[in-house]
Amino acid sequence: MSAPPVTVLQASPEEEAAIRAAVRAVNDRVLAGPEHVEGLLALFLDPRVSDPIYDLPRPFTRDNVARWVEESRAAHARGECILSVTLDEAGAVAGYARITVWPDRSSAEIAGAARADRQNAGRGRGGVANAAAFMFETLGVRLIGLTAALDNVRSIAAIDGAGFVRRGERETVRPDGSVRRSVYWELTREAWRAGRD
């Protein structure tokens, strides 16, 4: 289960409505649907992909992944989630990204992974930076919170490199109830803009 950032922002009704509308309007990526369930399941069954990620639908079964996709689609319709997939040249699922949004708090987080054969290609920092730009500029949130497992060296380096500020550690709860200790970061839109100038 995704957890909102530790810092609590209050969005006005107008800001909340604008964020929800922006999430629902996203059409520049492949949104996950029933046709991607098998590919996502195959992706998650590889521990090199799924082990570091706390909010995936464990245990990995077709039914659990299908339910997760459907719940994500329902949350997208409410303006609270974007679950997208990356497809390879053959049309197979090669990665995913899930942005969870709390419009009433003007906040978001992102989780995602690439298939093992596409990892270690040096795209991590740029991917995190691009995701932050999308969440701040397109979705209009003012705060992003991110976590990474304590031993997830690649994600930690990418998040640090993208300008996020470490805020210590936090416990994240997986859907199966298990707890994972995580490094925790936040980045405000104001700080992000200042870092770009």
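Strand E3 and strand E4 (residues 107-114) pair in the antiparallel sense over eight bridges. Two strands count as paired if DSSP finds at least two bridges between them. Both belong to an open sheet of seven strands with mixed pairing, in the order E1-E2-E3-E4-E5-E7-E6. Helices (H or I, at least four residues) and strands (E, at least two) are DSSP runs, numbered from the N terminus.

This is a predicted model: local features need pLDDT of at least 70, side-chain atom pairs count only at pLDDT 80 or more, and totals for chains, interfaces and linings use all residues. Residues are numbered from 1 along each chain as its sequence is written, and side-chain values use heavy atoms, leaving out hydrogens and water.

- Strand E1 (30-31) and strand E6 (165-173) are the edge strands, and each pairs on one side only.
- Two bridges hold E1 and E2 in the antiparallel sense. Leu31 has Ser84 in E2 as its bridge partner.
- E2 is mostly covered, with five of its seven residues buried. Buried means under 20% relative accessible area, exposed over 50%, and partly exposed in between (1.4 Å probe, protein chains only).
- E2 and E3 run antiparallel, joined by seven bridges.
- Arg98 has Ala111 in E4 as its bridge partner.

**Sheet, from E4 to E7**
- E4 and E5 run parallel, joined by two bridges. Ser107 has Leu143 in E5 as its bridge partner.
- Strand E5 (residues 143-149) pairs with strand E7 (residues 179-188) in the antiparallel sense, over seven bridges.
- Thr147 stands opposite Tyr184 in E7.

**Helices on the sheet**
- Helix H4 (residues 62-77) packs on the sheet and touches E1, strand E2 (81-87) and strand E3 (93-102). Its direction makes about 125° with that of E2.
- Helix H6 (residues 153-161) also packs on the sheet, touching E5, E6 and E7. The direction of H6 makes about 155° with that of E5.
- Axes are lines fitted to C-alpha atoms, for helices over the stretch in contact; angles run from 0 to 180 degrees between N-to-C directions.
- Val153 sits in helix H6. It counts as exposed because its relative accessibility is 63%.
- Val153 and Pro52 are 101 residues apart in sequence and 10.0 Å apart in space, C-alpha to C-alpha.

**Thr172 in E6**
- Thr172 lies in strand E6. It counts as buried because its relative accessibility is 1%.
- The side chains of Thr172 and Ser182 make a polar contact of 3.0 Å. A polar contact is a pair of N or O atoms within 3.5 Å; within protein, one must be able to donate a hydrogen and the other to accept it, and residues adjacent in sequence count only if both atoms are side-chain atoms.
- Beyond its neighbours within four places in sequence, Thr172 is in contact (heavy atoms within 4.5 Å) with residues including Tyr54, Thr147 and Ser182.

**Arg189 in H7**
- Arg189 lies in helix H7 (residues 189-196).
- Arg189 is buried yet has no salt bridge. A salt bridge is a side-chain nitrogen of Lys or Arg within 4 Å of a carboxyl oxygen of Asp or Glu.
- Lys and Arg count as positive and Asp and Glu as negative; His and the chain ends are not counted.
- The side chain of Arg189 reaches the backbone oxygen of Gly140 at 3.0 Å.
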